[in-house]
Amino acid sequence: MKDNSTWLNILDILKSELTEAEINQWLSPLNIKTLNGNPVILTAPNKFFKTWVEENYLPLIKKTFKDNLGLRSDVDIVISIENKDDQTIRTVSQVERNTTTTDTTFDLPLNKRFTFDNFVVGTSNRYAHAACSSLISGKTTANPLYIYGDVGLGKTHLMHAVGNEFKERFPKYRILYTTGESFVNDFVTSMRLSKLDSFKQRYLNIDLFLCDDVQFIAGKSRTMEEFFFTFSQLYATQKQIVLTSNTSPNNIKELDPRLSSRFTSGLMVDVSTPSVEEKEAIIKKYIEIEDLTSQRFSDDIIRYLANNLKSDSTREILGATLRIFTLASIDNEDITIQFAEKHLKDFLMKRDKSLSPDSILELTAKYYQLKVSDLKSKNRSKTIALARSIAMYLIREKLSLSYTEISSIFSRDHSTALHAVNKITDELLSNHELEGTINLLLDKMKLIN
Ligand code: ADP
Ligand code: MG
(Lines give C-alpha, C1' and ligand atoms only; values in the text may rest on other atoms or scores of the structure.)
(Ligands and ions follow the chains in the order given, each with its own letter.)
Protein backbone atom coordinates (compact mmCIF):
# COMPACT_ATOMS: atom_id res chain seq x y z
CA MET A 1 0.00 0.00 0.00
CA LYS A 2 1.32 3.40 -0.91
CA ASP A 3 0.63 5.90 1.76
CA ASN A 4 2.01 9.29 1.08
CA SER A 5 -0.17 11.23 3.45
CA THR A 6 1.32 9.21 6.30
CA TRP A 7 4.78 10.07 5.07
CA LEU A 8 3.85 13.76 4.90
CA ASN A 9 2.65 13.54 8.49
CA ILE A 10 5.89 11.95 9.53
CA LEU A 11 7.84 14.70 7.78
CA ASP A 12 5.76 17.27 9.58
CA ILE A 13 6.64 15.73 12.92
CA LEU A 14 10.31 15.51 12.00
CA LYS A 15 10.35 19.26 11.46
CA SER A 16 10.89 19.70 15.15
CA GLU A 17 14.06 17.60 15.04
CA LEU A 18 15.64 18.36 11.68
CA THR A 19 16.27 21.44 9.62
CA GLU A 20 14.07 22.28 6.68
CA ALA A 21 17.02 21.70 4.37
CA GLU A 22 17.57 18.18 5.64
CA ILE A 23 13.91 17.34 5.26
CA ASN A 24 13.65 18.80 1.77
CA GLN A 25 16.83 17.31 0.46
CA TRP A 26 16.88 13.89 2.04
CA LEU A 27 13.50 12.89 3.40
CA SER A 28 10.87 14.42 1.12
CA PRO A 29 12.08 12.35 -1.86
CA LEU A 30 11.31 9.12 0.05
CA ASN A 31 7.96 7.36 -0.16
CA ILE A 32 6.22 4.68 1.84
CA LYS A 33 5.97 1.48 -0.15
CA THR A 34 4.35 -0.71 2.46
CA LEU A 35 3.07 0.40 5.79
CA ASN A 36 1.17 -2.70 6.86
CA GLY A 37 3.79 -5.22 7.64
CA ASN A 38 7.10 -5.72 9.27
CA PRO A 39 9.32 -4.12 8.16
CA VAL A 40 7.69 -0.94 6.95
CA ILE A 41 9.29 -0.29 3.58
CA LEU A 42 10.35 3.11 2.32
CA THR A 43 11.63 3.77 -1.16
CA ALA A 44 14.56 5.99 -2.04
CA PRO A 45 15.39 7.33 -5.51
CA ASN A 46 18.85 5.71 -5.69
CA LYS A 47 21.44 3.78 -3.72
CA PHE A 48 23.18 6.91 -2.81
CA PHE A 49 20.17 8.32 -1.10
CA LYS A 50 19.51 5.03 0.58
CA THR A 51 22.98 4.85 2.14
CA TRP A 52 22.95 8.45 3.31
CA VAL A 53 19.49 8.23 4.85
CA GLU A 54 20.27 4.90 6.50
CA GLU A 55 23.43 6.25 8.04
CA ASN A 56 22.06 9.54 9.15
CA TYR A 57 18.32 9.47 9.65
CA LEU A 58 17.04 5.92 9.97
CA PRO A 59 17.03 5.70 13.77
CA LEU A 60 15.07 8.93 13.94
CA ILE A 61 12.62 7.75 11.29
CA LYS A 62 12.06 4.51 13.20
CA LYS A 63 11.50 6.38 16.41
CA THR A 64 8.99 8.71 14.77
CA PHE A 65 7.03 5.80 13.31
CA LYS A 66 6.96 4.16 16.67
CA ASP A 67 6.09 7.20 18.76
CA ASN A 68 3.42 8.51 16.45
CA LEU A 69 1.86 5.53 14.77
CA GLY A 70 2.50 3.05 17.54
CA LEU A 71 4.24 0.85 14.98
CA ARG A 72 6.68 -1.56 16.52
CA SER A 73 7.86 -2.67 13.11
CA ASP A 74 11.35 -2.20 11.81
CA VAL A 75 11.88 0.18 8.90
CA ASP A 76 13.76 -0.72 5.73
CA ILE A 77 14.71 1.41 2.77
CA VAL A 78 14.75 0.01 -0.74
CA ILE A 79 15.46 1.65 -4.07
CA SER A 80 12.33 2.49 -6.00
CA ILE A 81 11.96 0.17 -8.96
CA GLU A 82 11.50 2.93 -11.52
CA ASN A 83 14.96 4.16 -10.67
CA LYS A 84 16.79 0.88 -10.45
CA ASP A 85 18.76 1.63 -13.58
CA ASP A 86 19.67 5.03 -12.31
CA GLN A 87 23.01 6.13 -13.68
CA THR A 88 24.11 7.31 -10.28
CA ILE A 89 24.30 3.76 -9.09
CA ARG A 90 27.34 3.25 -11.20
CA THR A 91 28.97 6.61 -10.63
CA VAL A 92 28.76 6.32 -6.90
CA SER A 93 29.51 2.65 -6.54
CA GLN A 94 32.20 3.40 -3.99
CA VAL A 95 29.73 4.78 -1.56
CA GLU A 96 27.70 1.64 -1.65
CA ARG A 97 30.35 -0.67 -0.37
CA ASN A 98 29.47 -2.44 2.78
CA THR A 99 29.73 0.02 5.57
CA THR A 100 28.20 -2.03 8.31
CA THR A 101 28.94 -5.38 9.76
CA THR A 102 26.35 -7.78 11.03
CA ASP A 103 28.70 -9.22 13.60
CA THR A 104 26.51 -10.75 16.26
CA THR A 105 28.75 -9.65 19.10
CA PHE A 106 27.28 -6.19 18.73
CA ASP A 107 23.89 -5.14 19.80
CA LEU A 108 23.90 -2.60 17.01
CA PRO A 109 26.39 -2.78 14.16
CA LEU A 110 29.45 -0.57 14.02
CA ASN A 111 29.92 1.51 10.92
CA LYS A 112 33.24 0.52 9.37
CA ARG A 113 33.64 3.95 7.81
CA PHE A 114 33.74 5.60 11.23
CA THR A 115 37.42 5.09 12.01
CA PHE A 116 40.15 7.25 13.51
CA ASP A 117 41.80 7.43 10.11
CA ASN A 118 38.70 8.96 8.61
CA PHE A 119 38.31 11.51 11.37
CA VAL A 120 39.70 15.01 10.92
CA VAL A 121 41.12 16.40 14.14
CA GLY A 122 40.88 20.13 14.78
CA THR A 123 40.35 22.55 17.63
CA SER A 124 36.65 21.73 17.81
CA ASN A 125 37.19 18.07 18.66
CA ARG A 126 40.81 17.84 19.80
CA TYR A 127 40.08 16.76 23.36
CA ALA A 128 37.37 14.31 22.44
CA HIS A 129 39.67 12.72 19.89
CA ALA A 130 42.58 12.59 22.32
CA ALA A 131 40.42 11.03 25.01
CA CYS A 132 39.16 8.36 22.63
CA SER A 133 42.57 7.48 21.30
CA SER A 134 44.05 7.29 24.76
CA LEU A 135 41.47 4.66 25.67
CA ILE A 136 42.87 2.49 22.94
CA SER A 137 46.46 2.90 24.00
CA GLY A 138 45.49 2.19 27.59
CA LYS A 139 46.99 5.52 28.65
CA THR A 140 43.95 6.62 30.57
CA THR A 141 41.74 5.31 33.26
CA ALA A 142 38.94 7.68 32.30
CA ASN A 143 35.80 5.78 33.18
CA PRO A 144 33.26 6.61 32.02
CA LEU A 145 34.38 8.68 29.08
CA TYR A 146 31.52 11.07 28.41
CA ILE A 147 31.47 12.94 25.07
CA TYR A 148 28.91 15.65 24.53
CA GLY A 149 27.93 18.31 22.00
CA ASP A 150 25.37 19.29 19.39
CA VAL A 151 24.16 16.97 16.65
CA GLY A 152 26.31 16.22 13.66
CA LEU A 153 29.68 17.03 15.23
CA GLY A 154 31.27 13.60 15.21
CA LYS A 155 30.32 12.00 18.54
CA THR A 156 28.94 8.82 17.00
CA HIS A 157 31.88 8.69 14.61
CA LEU A 158 34.37 8.78 17.50
CA MET A 159 32.43 6.20 19.47
CA HIS A 160 32.39 3.80 16.52
CA ALA A 161 36.09 4.49 15.97
CA VAL A 162 36.76 3.33 19.54
CA GLY A 163 34.65 0.20 18.92
CA ASN A 164 36.28 -0.57 15.58
CA GLU A 165 39.77 -0.10 16.95
CA PHE A 166 39.14 -2.23 20.05
CA LYS A 167 37.70 -4.91 17.84
CA GLU A 168 40.78 -4.96 15.67
CA ARG A 169 43.35 -4.85 18.43
CA PHE A 170 41.61 -7.07 20.93
CA PRO A 171 39.55 -9.56 18.97
CA LYS A 172 38.53 -11.35 22.14
CA TYR A 173 36.99 -8.25 23.66
CA ARG A 174 33.25 -8.36 23.97
CA ILE A 175 32.02 -5.02 22.74
CA LEU A 176 28.49 -3.79 23.00
CA TYR A 177 27.42 -0.77 21.05
CA THR A 178 23.94 0.52 21.67
CA THR A 179 22.00 3.76 21.90
CA GLY A 180 20.04 5.18 24.79
CA GLU A 181 16.95 4.60 22.79
CA SER A 182 17.72 1.04 21.92
CA PHE A 183 18.49 0.36 25.57
CA VAL A 184 15.05 1.68 26.51
CA ASN A 185 13.37 -0.50 23.88
CA ASP A 186 15.31 -3.55 24.88
CA PHE A 187 14.44 -3.02 28.53
CA VAL A 188 10.74 -2.42 27.89
CA THR A 189 10.48 -5.49 25.67
CA SER A 190 12.34 -7.65 28.17
CA MET A 191 9.99 -6.51 30.90
CA ARG A 192 6.95 -7.27 28.80
CA LEU A 193 8.21 -10.74 27.99
CA SER A 194 9.42 -11.31 31.55
CA LYS A 195 12.96 -11.82 30.29
CA LEU A 196 14.75 -9.49 32.60
CA ASP A 197 17.36 -12.06 33.50
CA SER A 198 18.64 -12.50 29.98
CA PHE A 199 18.50 -8.72 29.57
CA LYS A 200 20.84 -8.32 32.54
CA GLN A 201 23.16 -10.99 31.20
CA ARG A 202 23.40 -9.27 27.85
CA TYR A 203 24.64 -6.05 29.35
CA LEU A 204 26.93 -7.47 31.97
CA ASN A 205 28.77 -10.00 29.93
CA ILE A 206 30.88 -7.44 28.08
CA ASP A 207 34.25 -5.67 28.23
CA LEU A 208 33.46 -2.42 26.49
CA PHE A 209 30.12 -0.67 26.73
CA LEU A 210 29.39 2.03 24.17
CA CYS A 211 26.11 3.85 24.67
CA ASP A 212 25.36 6.56 22.14
CA ASP A 213 22.87 9.37 22.85
CA VAL A 214 22.42 8.26 26.42
CA GLN A 215 20.14 11.27 27.08
CA PHE A 216 17.23 9.21 25.72
CA ILE A 217 16.93 7.26 28.92
CA ALA A 218 16.11 10.42 30.91
CA GLY A 219 12.62 10.69 32.32
CA LYS A 220 12.04 6.92 32.25
CA SER A 221 12.49 5.94 35.85
CA ARG A 222 12.52 2.15 35.56
CA THR A 223 14.94 2.24 32.66
CA MET A 224 17.20 4.66 34.51
CA GLU A 225 17.22 2.33 37.48
CA GLU A 226 18.26 -0.54 35.26
CA PHE A 227 20.86 1.59 33.54
CA PHE A 228 22.24 2.57 36.91
CA PHE A 229 22.49 -1.07 37.86
CA THR A 230 24.24 -1.99 34.58
CA PHE A 231 26.58 0.95 34.86
CA SER A 232 27.53 0.24 38.45
CA GLN A 233 28.23 -3.42 37.78
CA LEU A 234 30.39 -2.70 34.76
CA TYR A 235 32.19 0.05 36.61
CA ALA A 236 32.83 -2.10 39.64
CA THR A 237 34.39 -4.79 37.47
CA GLN A 238 36.53 -2.16 35.71
CA LYS A 239 34.92 -2.48 32.33
CA GLN A 240 35.35 0.52 30.07
CA ILE A 241 32.25 2.64 29.51
CA VAL A 242 31.90 5.32 26.83
CA LEU A 243 28.83 7.53 26.62
CA THR A 244 27.75 10.27 24.25
CA SER A 245 25.04 12.82 24.72
CA ASN A 246 23.78 16.07 23.28
CA THR A 247 24.59 17.90 26.50
CA SER A 248 26.46 17.65 29.78
CA PRO A 249 24.97 15.31 32.43
CA ASN A 250 23.77 18.17 34.61
CA ASN A 251 21.85 19.63 31.71
CA ILE A 252 19.94 16.50 30.84
CA LYS A 253 16.42 17.10 32.05
CA GLU A 254 14.89 14.47 34.30
CA LEU A 255 18.07 12.45 34.56
CA ASP A 256 18.32 10.56 37.82
CA PRO A 257 20.85 12.52 39.95
CA ARG A 258 22.63 9.28 40.78
CA LEU A 259 23.29 8.81 37.08
CA SER A 260 24.42 12.35 36.45
CA SER A 261 26.85 12.09 39.32
CA ARG A 262 28.19 8.83 37.87
CA PHE A 263 28.42 10.32 34.39
CA THR A 264 30.42 13.29 35.65
CA SER A 265 32.79 11.19 37.71
CA GLY A 266 35.05 10.10 34.83
CA LEU A 267 36.29 12.27 32.00
CA MET A 268 33.96 14.67 30.19
CA VAL A 269 34.95 16.14 26.85
CA ASP A 270 32.94 18.20 24.43
CA VAL A 271 32.87 18.62 20.66
CA SER A 272 32.11 22.08 19.34
CA THR A 273 31.37 23.56 15.94
CA PRO A 274 34.22 23.35 13.45
CA SER A 275 36.06 26.42 12.15
CA VAL A 276 36.02 27.19 8.42
CA GLU A 277 39.46 25.57 8.06
CA GLU A 278 38.29 22.43 9.81
CA LYS A 279 35.21 22.31 7.61
CA GLU A 280 37.43 22.50 4.53
CA ALA A 281 39.62 19.68 5.82
CA ILE A 282 36.60 17.53 6.65
CA ILE A 283 35.07 18.05 3.20
CA LYS A 284 38.40 17.15 1.56
CA LYS A 285 38.74 14.01 3.62
CA TYR A 286 35.19 12.98 2.84
CA ILE A 287 35.74 13.43 -0.90
CA GLU A 288 38.82 11.25 -0.60
CA ILE A 289 37.22 8.53 1.51
CA GLU A 290 34.07 8.27 -0.53
CA ASP A 291 36.06 8.66 -3.69
CA LEU A 292 33.91 11.46 -5.02
CA THR A 293 36.70 12.24 -7.44
CA SER A 294 34.96 11.58 -10.74
CA GLN A 295 33.70 15.17 -10.48
CA ARG A 296 36.32 17.74 -9.65
CA PHE A 297 35.91 19.72 -6.45
CA SER A 298 38.27 22.68 -6.79
CA ASP A 299 39.73 24.33 -3.69
CA ASP A 300 37.51 27.31 -4.43
CA ILE A 301 34.40 25.18 -4.30
CA ILE A 302 35.46 23.54 -1.07
CA ARG A 303 36.16 26.94 0.48
CA TYR A 304 32.83 28.18 -0.81
CA LEU A 305 31.01 25.27 0.85
CA ALA A 306 32.88 25.74 4.12
CA ASN A 307 32.08 29.44 4.14
CA ASN A 308 28.52 29.54 2.93
CA LEU A 309 26.65 26.55 4.25
CA LYS A 310 24.43 27.85 6.98
CA SER A 311 24.64 24.86 9.24
CA ASP A 312 27.70 24.13 11.36
CA SER A 313 26.75 20.49 11.58
CA THR A 314 29.31 18.32 9.84
CA ARG A 315 26.51 15.97 8.89
CA GLU A 316 24.76 18.71 6.93
CA ILE A 317 27.97 19.93 5.38
CA LEU A 318 28.84 16.47 4.11
CA GLY A 319 25.24 15.93 3.01
CA ALA A 320 25.45 19.06 0.89
CA THR A 321 28.79 17.95 -0.57
CA LEU A 322 27.33 14.59 -1.49
CA ARG A 323 24.28 16.23 -2.99
CA ILE A 324 26.13 18.42 -5.45
CA PHE A 325 28.40 15.54 -6.34
CA THR A 326 25.40 13.34 -7.18
CA LEU A 327 23.66 16.02 -9.16
CA ALA A 328 26.81 16.91 -11.07
CA SER A 329 27.34 13.20 -11.86
CA ILE A 330 23.81 12.79 -13.14
CA ASP A 331 23.94 15.87 -15.33
CA ASN A 332 27.61 15.39 -16.09
CA GLU A 333 28.23 19.02 -15.22
CA ASP A 334 31.23 20.72 -13.70
CA ILE A 335 30.89 21.70 -10.09
CA THR A 336 31.08 25.47 -10.18
CA ILE A 337 29.99 28.02 -7.60
CA GLN A 338 26.93 28.79 -9.73
CA PHE A 339 26.09 25.10 -9.87
CA ALA A 340 26.40 24.79 -6.09
CA GLU A 341 24.36 27.93 -5.52
CA LYS A 342 21.58 26.64 -7.72
CA HIS A 343 21.35 23.22 -6.14
CA LEU A 344 22.03 23.96 -2.51
CA LYS A 345 19.56 26.76 -1.99
CA ASP A 346 18.11 25.45 1.25
CA PHE A 347 21.53 24.72 2.69
CA LEU A 348 23.08 28.10 2.02
CA MET A 349 23.09 31.07 4.27
CA LYS A 350 20.29 33.37 3.36
CA ARG A 351 21.54 36.75 2.47
CA ASP A 352 19.40 39.42 3.94
CA LYS A 353 17.59 40.60 0.84
CA SER A 354 16.66 43.97 2.25
CA LEU A 355 20.31 44.76 2.75
CA SER A 356 22.03 46.02 -0.35
CA PRO A 357 25.10 48.13 -1.08
CA ASP A 358 22.71 51.07 -1.47
CA SER A 359 21.05 50.62 1.90
CA ILE A 360 24.46 50.29 3.57
CA LEU A 361 25.67 53.46 1.85
CA GLU A 362 22.58 55.36 2.94
CA LEU A 363 22.87 54.23 6.52
CA THR A 364 26.55 55.11 6.76
CA ALA A 365 26.08 58.49 5.07
CA LYS A 366 23.21 59.34 7.38
CA TYR A 367 25.22 58.43 10.47
CA TYR A 368 27.98 60.84 9.44
CA GLN A 369 25.45 63.43 8.22
CA LEU A 370 26.76 63.13 4.70
CA LYS A 371 25.20 62.35 1.34
CA VAL A 372 25.65 59.05 -0.48
CA SER A 373 27.21 61.07 -3.30
CA ASP A 374 29.89 62.25 -0.85
CA LEU A 375 30.86 58.65 -0.15
CA LYS A 376 31.10 57.92 -3.85
CA SER A 377 32.99 61.15 -4.58
CA LYS A 378 36.74 61.63 -4.80
CA ASN A 379 36.68 63.94 -1.76
CA ARG A 380 39.43 62.85 0.66
CA SER A 381 38.51 64.87 3.73
CA LYS A 382 39.04 62.88 6.90
CA THR A 383 35.41 62.23 7.82
CA ILE A 384 34.33 61.37 4.30
CA ALA A 385 37.29 59.03 3.80
CA LEU A 386 36.55 57.28 7.08
CA ALA A 387 32.84 56.94 6.32
CA ARG A 388 33.71 55.57 2.87
CA SER A 389 36.05 52.96 4.34
CA ILE A 390 33.45 51.95 6.90
CA ALA A 391 30.85 51.53 4.17
CA MET A 392 33.25 49.32 2.22
CA TYR A 393 33.94 47.29 5.33
CA LEU A 394 30.24 46.82 6.05
CA ILE A 395 29.44 45.82 2.47
CA ARG A 396 32.17 43.23 2.62
CA GLU A 397 31.06 41.94 6.02
CA LYS A 398 27.36 41.78 5.34
CA LEU A 399 27.18 41.00 1.63
CA SER A 400 30.48 39.20 0.98
CA LEU A 401 30.95 41.00 -2.34
CA SER A 402 34.39 40.68 -3.90
CA TYR A 403 36.82 43.57 -3.42
CA THR A 404 36.64 44.36 -7.10
CA GLU A 405 32.86 44.61 -6.95
CA ILE A 406 33.01 46.83 -3.88
CA SER A 407 35.63 49.09 -5.44
CA SER A 408 33.52 49.52 -8.54
CA ILE A 409 30.53 50.71 -6.48
CA PHE A 410 32.79 53.62 -5.52
CA SER A 411 34.27 53.88 -9.03
CA ARG A 412 37.68 53.07 -7.62
CA ASP A 413 40.63 50.98 -8.63
CA HIS A 414 40.03 47.29 -7.80
CA SER A 415 42.38 47.10 -4.81
CA THR A 416 40.96 50.18 -3.06
CA ALA A 417 38.31 48.24 -1.18
CA LEU A 418 40.82 45.62 -0.10
CA HIS A 419 43.06 48.27 1.48
CA ALA A 420 40.15 50.08 3.10
CA VAL A 421 38.70 46.89 4.59
CA ASN A 422 42.10 45.75 5.87
CA LYS A 423 42.71 49.12 7.44
CA ILE A 424 39.39 49.09 9.26
CA THR A 425 39.93 45.49 10.38
CA ASP A 426 43.33 46.39 11.86
CA GLU A 427 42.07 49.58 13.45
CA LEU A 428 39.19 47.72 15.09
CA LEU A 429 41.65 45.77 17.21
CA SER A 430 42.58 48.85 19.21
CA ASN A 431 40.10 51.62 18.44
CA HIS A 432 37.07 51.26 20.70
CA GLU A 433 35.33 54.29 19.33
CA LEU A 434 35.43 52.82 15.85
CA GLU A 435 34.22 49.50 17.23
CA GLY A 436 31.27 51.31 18.83
CA THR A 437 30.40 53.03 15.56
CA ILE A 438 30.52 49.81 13.58
CA ASN A 439 28.43 47.93 16.14
CA LEU A 440 25.87 50.69 16.11
CA LEU A 441 25.66 50.58 12.31
CA LEU A 442 25.38 46.79 12.38
CA ASP A 443 22.53 47.09 14.88
CA LYS A 444 20.76 49.61 12.68
CA MET A 445 21.06 47.24 9.75
CA LYS A 446 19.14 44.62 11.65
CA LEU A 447 16.20 47.02 11.70
CA ILE A 448 16.10 47.40 7.92
CA ASN A 449 13.29 45.37 6.45
P1 ADP B 1 26.96 13.19 16.06
O2 ADP B 1 26.94 11.80 16.59
O3 ADP B 1 27.78 14.13 16.90
O4 ADP B 1 25.58 13.73 15.82
P5 ADP B 1 28.19 11.97 13.76
O6 ADP B 1 29.32 11.29 14.43
O7 ADP B 1 27.03 11.13 13.34
O8 ADP B 1 27.67 13.19 14.65
O9 ADP B 1 28.78 12.78 12.50
C10 ADP B 1 27.96 13.18 11.39
C11 ADP B 1 28.71 12.95 10.11
O12 ADP B 1 29.83 13.82 10.05
C13 ADP B 1 29.27 11.56 9.96
O14 ADP B 1 29.17 11.18 8.60
C15 ADP B 1 30.71 11.68 10.38
O16 ADP B 1 31.54 10.74 9.74
C17 ADP B 1 31.04 13.09 9.92
N18 ADP B 1 32.04 13.76 10.76
C19 ADP B 1 31.80 14.48 11.89
N20 ADP B 1 32.94 15.00 12.38
C21 ADP B 1 33.93 14.60 11.55
C22 ADP B 1 35.36 14.81 11.52
N23 ADP B 1 35.98 15.55 12.44
N24 ADP B 1 36.06 14.25 10.51
C25 ADP B 1 35.43 13.52 9.56
N26 ADP B 1 34.10 13.29 9.52
C27 ADP B 1 33.35 13.82 10.51
MG1 MG C 1 25.26 10.64 17.04
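**Exercise 1. Is Glu-54 buried, partly exposed or exposed, and at what relative accessibility?**

Solution. Start with the ground rules. This is a predicted model, in which local features need pLDDT of at least 70, side-chain atom pairs count only at pLDDT 80 or more, and totals for chains, interfaces and linings use all residues. Residues are numbered from 1 along each chain as its sequence is written, chains are lettered from A and ligands numbered from 1 in the order in which they are written, and side-chain values use heavy atoms, with hydrogens and water left out.

Step 1. Take the cut-offs: buried is under 20% relative accessible area, exposed is over 50%, and partly exposed lies in between (1.4 Å probe, protein chains only).

Step 2. Glu-54 has 30% relative accessibility, so this residue counts as partly exposed.

Step 3. Look at the partner. Glu-54 forms a salt bridge with Lys-50, and their closest N and O atoms are 2.9 Å apart. A salt bridge here is a side-chain nitrogen of Lys or Arg within 4 Å of a carboxyl oxygen of Asp or Glu. Lys-50 is partly exposed too, at 22% relative accessibility.

Step 4. Helices (H or I, at least four residues) and strands (E, at least two) are DSSP runs, numbered from the N terminus.

**Exercise 2. Find the salt-bridge partners of Arg-169 and Glu-226, and place each pair in the chain.**

Step 1. Arg-169 pairs with Glu-165, with the closest N and O atoms 3.1 Å apart. The two are four residues apart in helix H7 (residues 155-169), so the spacing is about one helical turn. Arg-169 is partly exposed at 48% relative accessibility. Glu-165 is partly exposed at 23%.

Step 2. Glu-226 pairs with Lys-200, with the closest N and O atoms 2.8 Å apart. This pair links distant parts of the chain: Glu-226 lies in helix H10 and Lys-200 in helix H9 (residues 196-204), 26 residues apart. Glu-226 is buried, with a relative accessible area of 7%. Lys-200 is partly exposed at 24%.

Step 3. Widen the view. The structure holds 16 salt bridges. Glu-55, Arg-113 and Glu-290 are linked in a network of salt bridges.

**Exercise 3. How do helices H8 and H10 cross, and which residues make the contact?**

Solution. Step 1. The axes of H8 (residues 180-192) and H10 (residues 221-236) come within 10 Å and cross at roughly 105 degrees. Axes are lines fitted to C-alpha atoms, for helices over the stretch in contact, and angles run from 0 to 180 degrees between N-to-C directions.

Step 1. Classify the angle. Under 35 degrees is roughly parallel, over 145 roughly antiparallel, 65 to 115 roughly perpendicular, and the rest oblique. H8 and H10 are therefore roughly perpendicular to each other.

Step 2. List the residues. H8 brings Phe-183, Val-184, Phe-187 and Met-191, and H10 brings Arg-222, Thr-223, Glu-226, Phe-227 and Thr-230. Contact means heavy atoms within 4.5 Å.

Step 3. Sort them. The contact has five nonpolar, two polar and two charged residues. Nonpolar covers Ala, Val, Leu, Ile, Met, Phe, Trp, Tyr, Cys and Pro; charged covers Asp, Glu, Lys and Arg; the others, Gly among them, are polar.

**Exercise 4. How many residues of helix H2 are buried, and what do they pack against?**

Solution. Step 1. H2 (residues 20-27) is mostly covered, with six of its eight residues buried. They are Ala-21, Glu-22, Ile-23, Gln-25, Trp-26 and Leu-27.

Step 1. These buried residues pack against H1 (4-14), H3, H4 (58-69), H14 (314-331) and H15.

Step 2. Examine H3. The axes of H2 and H3 come within 11 Å and cross at roughly 140 degrees. The two helices are therefore oblique to each other. Gln-25, Trp-26 and Leu-27 of H2 meet Phe-49, Trp-52 and Val-53 of H3. This contact has five nonpolar, one polar and no charged residues.

Step 3. Turn to H15 (residues 337-343), the place of His-343. His-343 is buried at 15% relative accessible area. Leaving out residues up to four places away in sequence, His-343 touches Gln-25, Arg-323, Ile-324 and Leu-327.

**Exercise 5. How many helices and strands does the chain have, and what share of its residues counts as buried?**

Solution. The chain has 21 helices and eight strands. Of its 449 residues, 48% count as buried.
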